[in-house]
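Colleague: I would like to go through some backbone and surface features with you. Could we start with how exposure is read?

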Amino acid sequence: KKTYAVHRAKMDYFFVPKDTQPSENNEEIAKAILQKLHSHTQVVPVFSIHEAVRFLESLPEKHQPTTS
């Protein structure tokens with residue numbers, strides 16, 4: 001459900017829990033669903049919120065268009 005919501009919201013990134021066990025497949029499932037939906041959302045596996053924040057901080061700054 002979350003993956004579909006991310007796609008509908010046209011999000012650039014989707015943070016998923018990084019797999020720590022061979023039986024886990026969070027990243028694989030999210031990527032497969034987004035690919036099936038022809039989404040451009042990038043799946044970003046993370047261990048913690050701190051890792052997610054570091055990822056976001058590493059991105060180039062986006063400039064939003066100004067409104068009059």
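Modeller: A residue counts as exposed when its relative accessible area is over 50%, and as buried when that area is under 20%. Keep in mind that this is a predicted model.

Colleague: Is lysine 10 buried or exposed?

Modeller: Lysine 10 has a relative accessibility of 70%, so it counts as exposed. Its place is in the loop between α1 (2-8) and β1 (13-17).

Colleague: What is the phi of histidine 38?

Modeller: Histidine 38, also not a glycine, has a positive phi of about 55 degrees.

Colleague: Where is histidine 38 found, and is histidine 38 buried or exposed?

Modeller: The loop between α2 (26-36) and β2 (42-46) holds histidine 38. With 67% relative accessibility, against a cut-off of over 50%, histidine 38 counts as exposed.

Colleague: Next, pockets. What volume does the largest pocket have?

Modeller: A pocket is an open set of grid points, and its lining residues have an atom within 4 Å of a point. Here the largest pocket has a volume of about 170 Å³. The elements giving two or more residues to its lining are α1, β1 and α2.

Colleague: Which residues line the largest pocket, and how many are nonpolar, polar or charged?

Modeller: Among them are Lys1, Lys2, Phe14, Phe15, Asn26 and Ile33. By class, the lining has seven nonpolar, two polar and two charged residues.

Definitions and conventions: Residues are numbered from 1 along each chain as its sequence is written. This is a predicted model: local features need pLDDT of at least 70, side-chain atom pairs count only at pLDDT 80 or more; totals for chains, interfaces and linings use all residues. Side-chain values use heavy atoms; hydrogens and water are left out. Helices (H or I, at least four residues) and strands (E, at least two) are DSSP runs, numbered from the N terminus. Buried means under 20% relative accessible area, exposed over 50%, partly exposed in between (1.4 Å probe, protein chains only). On a 1 Å grid over the protein atoms alone, a cavity is a set of points where a 1.4 Å probe fits but cannot get out, and a pocket is an open set with protein on both sides within 12 Å along at least five of seven lines; lining residues have an atom within 4 Å of a point. Grid points are joined across faces, edges and corners, and a volume is the space filled by probe spheres set on the points. Ala, Val, Leu, Ile, Met, Phe, Trp, Tyr, Cys and Pro count as nonpolar, Asp, Glu, Lys and Arg as charged, and the others, Gly among them, as polar.
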